[in-house]
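This briefing is for a reader who is meeting the structure for the first time. Please keep the sequence and the 3D view open while reading.

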Amino acid sequence: MSENTSSGAAAPLLADEANVARYGLFHRLLRDPVAVISAVILAIVVLAAVFAPLLTNQDPVQNKLADSLAPPFTAAHPLGADSVGRDVLAQLLYGARTSLIGAVIVVVVCMGLGVPAGILAGYFRGWIDSTGSWISNALMSLPAIVVLLVVLARVGRSTPLALAVFGILIAPAAFQLIRGSVRAVREELYIDAARVSGLSNARIMGRHVLPVVIAPSIIQGSQFAAAGIGIEAGIAFLGLGTSDHASWGLMLNDASQNIFVAPSLIVWPTIAIVTTIMVFTLLGNSVRDALTGTTTNKKRRSMGARVLTGGSSTSAASREVAQQASPLGPTSRTTDALLVVEGLKITYAAQDRADKTVVHDVSLSLRKGEILGLVGESGSGKSQTAFAVLGLLPGAARMNATSLIFNGQELPKLSSEQWNNLRGRQIGYIPQEPMSNLDPSYRIGFQLTEPMRHHLQLSKTAARQEALRLLARVGISDPQRVFDSYPHEISGGMAQRVLIAGAVSCNPELLIADEPTTALDVTVQAEVLDLIRDLQSERHMAVLLVTHNFGVVADLCDQVAVMQAGRIVEAASALELFANPRHEYTRMLLDSTMENAPSRRQMALSQWQGSDTQTMNQDAIS
Amino acid sequence: MLLFILRRLFAGAVLLFVIGSVTFFLLNLSGQDPVRQILGQAASATVAEGKRHELGLDQPVLARYGEWISEVVTGNLGTSWFNNQPVTSLLAQTIPVTMSLVLGAILITSFLGAALGVLAAVRGGVVDRVLQILSTLFYAIPSFLVSLVLVLVLAVQLGVLPATGFVPFGNSPGGWLTSITLPVVSLALGATSSVALQVRGSMIDVLEQDYVRTLRARGLSTRSILYRHALRNASPPAVTTLSLIFIVLISGAVIVEKVFNIPGIGTQANLAAAQGDLPVVLGVVLVTVTMVVLVNLLLDLVQGWLNPKVRVA
């Protein structure tokens, strides 16, 4: 078994990182301007440090009181001199040596302790792991400076020692990172395979474990280097460092004591420290981005941006001129309709590909008190259609509609406040997956009463009574207990009843149920369907029921619209549709619903799935 | 709940014991002769021996350790070798000063960090970009450097705030506020950046959760959804970050105190370390670790309040 194939199959992420680290990383970094600029600046700092004696003939630590606070731009002191006459340029150049050596000490000590310990703890686990973790936690609870003070109190001023101690104190960060990476790999099957095939632990660690920890070590190492620069400056600034070395921190110390006399002294060491720290940080970030790819970040941002926009994903959408009403939409019955959707089109902007349209020209209408089933396979656009009516499409979606009217209101024109008055109050929503649709941090009672208090202005007690009554109504035998429970304390079926209670709590005129029984046990499914039907007839609500299950449709629906690949291919009353399915796709769905019924039509299934849905639709319409 | 707190306190006490002991031996087994540090090289051998006996340094280390431990458990941290004041009363003067810096910074960090993180997650675009650049900057730059620049601009150039010094709250609340503003802000900037980044990341994750969509479908106000529901669910990682930040802030405060010439625990520890005043150094270590343990316990309780799943019975 070769290393690449095995790790590629078993640990895709980690192995990818390792592979990229080996092959493409350098090229990627070369194309990243931030990385290139950072590397150039770092090179300049390194060269300045190395060739400091060639760049200035001044001694950086020699006091010359005659030159105290000498002005800049003179031959002797191009950048001036500090309060005891030390040349600023010379201090900067030699200070770079101290800083870089300091960074090296920190990185070497920290990684030298943290990485091997992390590998051992992650690989062998057991007592090695628990000991390592305890020490690591103990070290992390110590403020670094306080420990430095303790050590220096006994040993006297010493920059290298102080930095080494600091390295020990931040080693837990390296330890935990590496331990985590190694534990993840350790779980993989190819490690077991390697052990079974008789490889020694050392061999396995060298061949399989080490490559995984290289990338995170580089990234973490650059951050430690940045921290090392900062802490070296801090030690020198506090006067705890070796005093006969030039240091940027020492420069700051002198500058801060003369801040009123010569404020400009602060400028140069600050620039030097900030630049060097930023260079290390940005280099680390670039390496990380090159390893993981930055596009995900941007995509996530646009996804996150949707909440504040409220309903504007629809209200902002331009309304296209009517092209042609779909002949399949039940538009003939729009006169007393509660909800009218005409020519609905939903498109997702894709970053590097052509935009993807998931709903094409969908039209449907729903009268008061009527149950419309929207049926189709997953990915047919039925849930997207439902979310469009709720104004809850993701931020990346663009929606157009010839007409989208609920109860006389044109939905695309609503402000986000008007949307919030409509949702929950006039349109209720029952989601598919009960457990993930309750806020895990709040008790059921709060989640039920909050919308009622918001929409119906109920008092706390009234809302509480109403919530308990609703819980009892949806068939929960111990309403008080569920009211006081957190979502993780109740079962999925119970959670779905809670969500149904929430959906109807403000007496909506339209209930949108998105696959309300799919995630439930078969025994619970029927009960939940009964509940929805009872509530519907009790309150005379209209229901838009999204489902893939014709059994559910047969059980509940007055009207049915069948969706396929973003279009409605057939719409009829439930009776008519079951008696006489006209569209071939409908017939296929009907057949596949019948359990244990071998059907000739199933042979057509493969053709259906493979063929172009576009032509299919045209066939259907013609 | 009570059991949880007791267990955590016990673990904290064990940690305190181990760290205190390690520090004790570190301070007593190596390095310069403390008697000579106190008296100088000029003092005669007889005087030195007298001092040694007075401080109990002629006893074996283990005996001194036993005595030290027995004193510490009764709350007696010994006496300063230099000014003969009890260490506890020395610390009692300086800890409130340092804590007002650190807790002030933590307070700013929590609120500002959460607000900025939410803003960046929800608005995206330019706000987000700016936040990310600023946090990279402030995350990496040591706080004493930030404070120097702040002093230069706000105190020296503009003269809006005092550059150095500390006014006790009892003397003048207004003076106290202006004297700790710059130190607190310089401590808070870096901390705020990392909390904001953390909140931004977890907010983006939470806003993609199903229950957020369901809450929106219930017609709740955007404010309630963002702050009451999403932010609460997004906070636990940020609270973990806060407990690490607290430790970093103590370190930061030690240096920032020097910049502003504030008589806090850092100034005291710095002086004690330079003089070799071991009882004071030991006391500082014990007190800071105690504070870390207590703050961590507090944040664990906050964690439990935020997330009922980790709540303890």
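This is a predicted model: local features need pLDDT of at least 70, side-chain atom pairs count only at pLDDT 80 or more; totals for chains, interfaces and linings use all residues.

Residues are numbered from 1 along each chain as its sequence is written, and chains are lettered from A and ligands numbered from 1 in the order in which they are written.

**Chain A**

- Chain A holds 27 helices and 11 strands; helices (H or I, at least four residues) and strands (E, at least two) are DSSP runs, numbered from the N terminus.
- Of the 622 residues in chain A, 50% are buried. A residue counts as buried if 20 or more other C-beta atoms lie within 10 Å of its own, as exposed if 12 or fewer do, and as partly exposed in between, with C-beta atoms placed from the backbone.
- Taking the contacts in chain A between residues at least 6 apart in sequence, 71% join residues at least 24 apart. Two residues are in contact if their C-beta atoms, placed from the backbone, lie within 7 Å.

**Chain B**

- Chain B has 12 helices and zero strands, and its pattern along the sequence reads α-α-α-α-α-α-α-α-α-α-α-α.
- Along the principal axes, the C-alpha atoms of chain B fill a box of roughly 85 × 55 × 35 Å.
- Chain B has 313 residues, and buried residues make up 44% of them.
- Among contacts in chain B with a separation of 6 or more, 74% are between residues 24 or more positions apart.

**Contact between the chains**

- Chain B brings 72 residues to the contact and chain A brings 65 residues.
- On the side of chain B that touches chain A, helix α10 (residues 222–260) of chain B gives the most, with 13 residues.
- That side of chain B consists of 44 nonpolar, 18 polar and 10 charged residues. Ala, Val, Leu, Ile, Met, Phe, Trp, Tyr, Cys and Pro count as nonpolar, Asp, Glu, Lys and Arg as charged, and the others, Gly among them, as polar.

**Helix α8 of chain A and its two partners**

- Axes are lines fitted to C-alpha atoms, for helices over the stretch in contact, and angles run from 0 to 180 degrees between N-to-C directions.
- Angles under 35 degrees count as roughly parallel, over 145 as roughly antiparallel, 65 to 115 as roughly perpendicular and the rest as oblique.
- The two helices, α8(A) and α11(B), cross in a left-handed way; a crossing is left-handed if the near helix is turned anticlockwise from the far one by less than a right angle, and right-handed if clockwise.
- A:Val146, A:Leu149, A:Leu152 and A:Ala153 of α8(A) make this contact with B:Ala269, B:Asn270 and B:Ala273 of α11(B). By class, six of these residues are nonpolar, one is polar and none is charged.
- Within chain A, α8(A) packs with helix α9 (residues 159–186) at an angle of about 140 degrees, the axes being 10 Å apart. The pair α8(A) and α9(A) is therefore oblique, and the crossing is right-handed.
- In this pair, A:Ala144, A:Val147, A:Leu148, A:Val151, A:Leu152 and A:Val155 of α8(A) touch A:Leu161, A:Ala162, A:Val165, A:Phe166 and A:Leu169 of α9(A). The contact has 11 nonpolar residues, with no polar and no charged ones.

- A:Leu30 belongs to helix α3 (residues 25–30) of chain A and is exposed, with 12 other C-beta atoms within 10 Å.
- A:Glu515 is not a glycine, yet has a positive phi of about 50 degrees. A:Glu515 sits in the loop between β8 (510–514) and α22 (522–539) of chain A and is buried, with 21 other C-beta atoms within 10 Å.
- B:Asn84, also not a glycine, has a positive phi of about 60 degrees. B:Asn84 lies in the loop between α4 and α5 (87–123) of chain B and is exposed, with 7 other C-beta atoms within 10 Å.
- Helix α4 (residues 61–73) of chain B has 13 residues and should span 18 Å at 1.5 Å a residue, which agrees with the 18 Å between its end C-alpha atoms. The expected span is 1.5 Å times one less than the number of residues.
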